[in-house]
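Here are some notes for a colleague who is opening this structure for the first time. Please read them with the sequence and the model side by side.

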Amino acid sequence: MFRPRSAPANHSGGPAALLALSCCCIAASGCGAARSSASDAPSTPAAAAFARAVNLNASDLPEMSQISAEANAPSPGRSGAAFARCDGEASPNLRVASVRSAEFSSGAAGHAQLVSSAVEVLPSPAVAAGNLAAFDSARGRACYVRFLEASNRRRSGALRYGHSEISSLANPLQGAAQSFVRRVTSTLSGTRTDGSRVSLRVYHDTYAFVQGASEVDLIAVGFSAPVPAAAEQRLLGLLYARATVHSP
């Protein structure tokens with residue numbers, strides 16, 4: 001669901017506007033997964049209501065400030081289709097609904113933290129499972145790095161990400177759901193408009209799991225230091241509990 005797309009988003013107030021390392025590019029369906037008929041898929045209104053019931057909200061993060069509103073993900077573009085072809089997922093146009101939570105922020109400048117979630121509902125559990133498996137494969141990780149580097153070259157502004165590395169973190173959902181945890185660590189460097197130099201590490205953590213026909217993602221970005229694991233795992237627990245209680 002959260003796949004590299006174009007230039008990272010800019011947010012006012014952070015290091016050269018708090019660049020979130022990974023933009024959302026919605027991809028639906030799986031690598032080799034059977035495609036269900038339209039009659040098997042949940043309705044779009046029900047899927048959207050499910051996504052909003054699961055997503056993070058302001059009451060989940062009282063210690064953080066809300067800097068954007070919850071919204072439907074934009075329609076899939078050419079880059080989404082290209083990424084799906086790269087890692088083996090099927091057309092992103094197969095998704096039933098995709099909703100991004102509000103984005104939440106704390107800290108300032110080179111010590112900021114950004115947290116958000118997203119829920120995507122696919123035509124069937126098989127499609128959702130195949131989609132996540134493709135993204136978590138060796139091929140999927142290679143595509144992620146390739147697209148991330150390409151998006152960085154396209155973005156405007158003086159700052160650039162470089163020296164990106166992907167690693168795995170402890171997975172609290174291991175054995176409970178098809179899931180993975182991934183950290184991308186990069187260096188953000190360049191020269192600000194005032195002439196001062198910037199060079200800091202950025203930690204972008206993605207927790208993703210499948211529940212039924214849905215994929216749920218938690219995104220946590222830390223500048224200079226990761227978002228604390230205890231905070232990430234608390235939020236992941238909230239998302240998982242809601243996804244298992246509700247259904248599209």
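1. Start with C143. At 2% relative accessibility, C143 counts as buried, because it falls under the 20% cut-off. This is a predicted model, and the value is computed from its atoms.

2. What is C143 joined to? A disulfide links C143 to C86, with 2.0 Å from S to S. The count of disulfides comes to one. The angle about the S-S bond is -95°, and the link of C86 and C143 is left-handed.

3. Helix α1 (residues 44-54) packs against helix α5 (residues 229-245) at an angle of about 145°, and their axes are 9 Å apart. The crossing of α1 past α5 is right-handed. On the α1 side the contact is made by F50, A53 and V54, and on the α5 side by L239, R242 and A243. Of the residues in this contact, five are nonpolar, none is polar and one is charged.

4. On confidence, the mean pLDDT of the protein is 82, and 81% of its residues reach 70 or more. Over residues 6-39, however, pLDDT stays under 50. The model has 124 contacts beyond four places in sequence for residues 6-39.

Methods
Residues numbered from 1 in each chain as written. Predicted model: local features only at pLDDT ≥ 70, side-chain atom pairs only at ≥ 80, totals over all residues. Heavy atoms only, no water. pLDDT = per-residue confidence, 0-100. Contact = heavy atoms within 4.5 Å. Axes fitted to C-alpha atoms, helices over the stretch in contact; angles between N-to-C directions. Helix = DSSP H or I, 4+ residues; strand = E, 2+ residues; numbered from the N terminus. Left-handed = near helix turned anticlockwise from the far one by under 90°. Nonpolar A, V, L, I, M, F, W, Y, C, P; charged D, E, K, R; others polar. Disulfide = S-S within 2.5 Å. Buried < 20%, exposed > 50% of the residue type's maximum accessible area, 1.4 Å probe, protein only.
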